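Dear colleague,

Please find below the structure for your records. My findings follow it.

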Amino acid sequence: LAVTSILRNGCELLAARAAAAVLAPETGAHPTCIGNDFPDERLGALSSAAHNLLTWSKANPLPSCLGAGSVGDLHGADVEGWLDGEDCLLIPIARRDTFLGILLYFFPAGAPDCPRAAAWGPAISSVAALVLENARLFEAALLQAVELGSFYEMVQATAEDRDAQPLLAAA
């Protein structure tokens, strides 16, 4: 939900037509793709190219404007299915030294908006990194709270069982 909000607000700020995010998995799972005003068939094509895009973005940590003529170096990613003749601002997301994913904002081909929007890339990337880190910390705290609750239930059950021992022995 927070990533969708970043995509939507980024579209408004950058005057982009659509946006998508590709989030790097923490384990060996497949990357997560999220879209905003992005057709499902293009999101599917983006999902199939996600691993190659993430690999390329790790090696190119600055915001990049990609167009139909500049996409040959994306490690074999099938860009035609998701780029669909538009220009794309690709913004890597990183927290400290950890690569988290990429944001993609789409503009009509040849429009001057993409290079101008690249100046906003570091600010948008920072906000996205904070949101993703907060979500990760919230999930960790929630898991810890559940584990702690289970521990307290076990302690309470053990204490109640001990309190009942003298009564059971007397009966």
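pLDDT is the predictor's confidence in each residue, on a scale from 0 to 100. The model is a predicted one, and the mean pLDDT of the chain is 77, with 81% of its residues at 70 or more. Confidence is highest in strand 1 (residues 18–23), at a mean of 87, and lowest in helix 3 (residues 80–83), at 63.

The fold contains an open sheet of 5 strands in the order 2-1-5-4-3, paired antiparallel. Strand 2 (32–36) and strand 3 (64–66) form the edges, each pairing on one side only. On average, neighbouring strands of the sheet are turned by 20° against each other, direction ignored. Strand 4 (residues 87–95) and strand 5 (residues 98–107) run antiparallel and are joined by 9 bridges; isoleucine 93 has glycine 101 in strand 5 as its bridge partner.

Two helices pack on this sheet. Helix 1 touches strand 1, strand 2, strand 4 and strand 5, and its direction makes about 45° with that of strand 5. Helix 2 (residues 40–59) touches strand 1, strand 2, strand 3, strand 4 and strand 5, at about 130° to the direction of strand 5.

Helix 1 (residues 2–14) has 13 residues, which should span 18 Å at 1.5 Å a residue; the end C-alpha atoms are 18 Å apart, in agreement. Its buried residues are Val3, Ile6, Leu7, Gly10, Cys11 and Leu14. These cover an arc of only 135° around the axis, so they lie on the same side of helix 1. Just after helix 1, alanine 15 adopts a positive phi of about 60°.

Kind regards

Key
Residues numbered from 1 in each chain as written. Predicted model: local features only at pLDDT ≥ 70, side-chain atom pairs only at ≥ 80, totals over all residues. Heavy atoms only, no water. Helix = DSSP H or I, 4+ residues; strand = E, 2+ residues; numbered from the N terminus. Expected span 1.5 Å × (residues − 1). Buried < 20%, exposed > 50% of the residue type's maximum accessible area, 1.4 Å probe, protein only. Arc of directions from axis to C-beta. Pairing = 2+ DSSP bridges. Axes fitted to C-alpha atoms, helices over the stretch in contact; angles between N-to-C directions. Contact = heavy atoms within 4.5 Å.
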